[in-house]
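Here is a short report on a protein chain. Look through the structure first, then read on.

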Amino acid sequence: MREDLSPSRLEALLADAPMGRPFRFYEETDSTNTDALEWARRGAPHGAMILANVQRRGRGRRGRTWEGGEGRSILASFVLSDGRRAEGWGRIGGAAAVATAQAVRDLTGGPAVTKWPNDVLMHGKKLAGLLPEAVWRGDRLEALIVGIGLNVNQATADLLPQARTPPTSLRIETGKEWDRALLLRRLVEQLARTLALSPGALIAEWESLECSLHREVEVIGEDRRLKGTVHRLLPDGSLSLRGPDGAERQIRWGELSLNLHPATERHGFT
Ligand code: BTN
């Protein structure tokens, strides 16, 4: 299914889409986030999207790289420039993760879940990673970029471990190939919907999909590690961790390490 993401199909499928327009499609580029940052600095409208079939230097969080299984994944970056403020940053990454999980569920019926802050997993393995970045002009936030790398039709041999959680694709988890353009259409619909939710409604939906909720985790930050139980998600998209002493701590940044054994995973497993 290598021709599923042609520009002409995308034109037709996204003609009346609530986001993802205008879009620029590259057969190959270094990083769609870098392209979107550049476009945003030159005035890209809210909702604009950069899409690529192949990424040579895809960027991940915490200085990681993102290898985009050539022609087999969704590599998309959206420009959000509708006046959102930096305080909402954590929530916007969450809205994009929720949208990605819901789009996967809509199309495939598979049990996609979120993993704070910005990952999407299926069966305990990483299906998608998100990279939110800001565009500043002086001290004014001009736009946010949300980059989404979603593994669709890769085989196991195409995927390199890039983070703590082992990678997977929709093909591996569901046993069949999927049309990336149809998935992208769902994704832009879901993204427009989740970005429009009130903070309370978004957090409620996010918590309903979040695999770390009420689980024991280790939070790995830049310079410290903290153990505790995820208590809830907070309105700004940060996480409330209950420590062994019962005290609650607000965590704004970091990665979660949790024992994602499929037998104990929430959602979709018995
Ligand atoms: C992570 O899990 O570390 C985040 C990965 C984000 C990868 C996507 S692929 C599309 C967009 N362009 C990039 O260079 N990175 C993001």
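## Charges over rings

A charge sits over a ring if NZ of Lys or CZ of Arg is within 6 Å of the ring centre and within 35 degrees of the ring normal. The model shown here is predicted. In it, the charged end of Lys176 sits over the ring of Trp178. The distance from the centre of that ring is 4.3 Å.

Arg24 gives another case: Arg24 lies over the face of Trp39. Here the distance to the ring centre is 3.9 Å. What about rings pairing with rings? The count of aromatic pairs is 0.

## An open sheet

Now the strands. An open sheet is built from 5 strands, in the order β11-β10-β9-β8-β12. Their pairing is antiparallel. β11 (248-251) and β12 (255-257) stand at the edges. Each has a single partner strand, so one side of each lacks a neighbour in the sheet. From one strand to the next, the twist averages 50 degrees.

Take one pair inside this order. β8 covers residues 216-220 and β9 covers residues 225-233. These two strands pair in the antiparallel sense over 5 bridges. Val219 stands opposite Leu226 in β9.

## Two crossing helices

How do the axes of α3 and α6 cross? Helix α3 spans residues 89-108, and helix α6 spans residues 199-209. Their axes come within 10 Å and cross at roughly 50 degrees. The crossing is left-handed.

Which residues make the contact? On α3 they include Gly90, Gly94, Ala95 and Val98. On α6 they include Pro199, Leu202 and Trp206.

Methods:
Residues are numbered from 1 along each chain as its sequence is written. This is a predicted model: local features need pLDDT of at least 70, side-chain atom pairs count only at pLDDT 80 or more; totals for chains, interfaces and linings use all residues. Side-chain values use heavy atoms; hydrogens and water are left out. Rings of Phe, Tyr and Trp (its six-membered ring) pair if their centres lie within 6.5 Å; planes under 30 degrees apart count as stacked, over 60 as edge-to-face and the rest as tilted. Two strands pair if DSSP finds at least two bridges between them. Helices (H or I, at least four residues) and strands (E, at least two) are DSSP runs, numbered from the N terminus. Axes are lines fitted to C-alpha atoms, for helices over the stretch in contact, and angles run from 0 to 180 degrees between N-to-C directions. A crossing is left-handed if the near helix is turned anticlockwise from the far one by less than a right angle, and right-handed if clockwise. Contact means heavy atoms within 4.5 Å.
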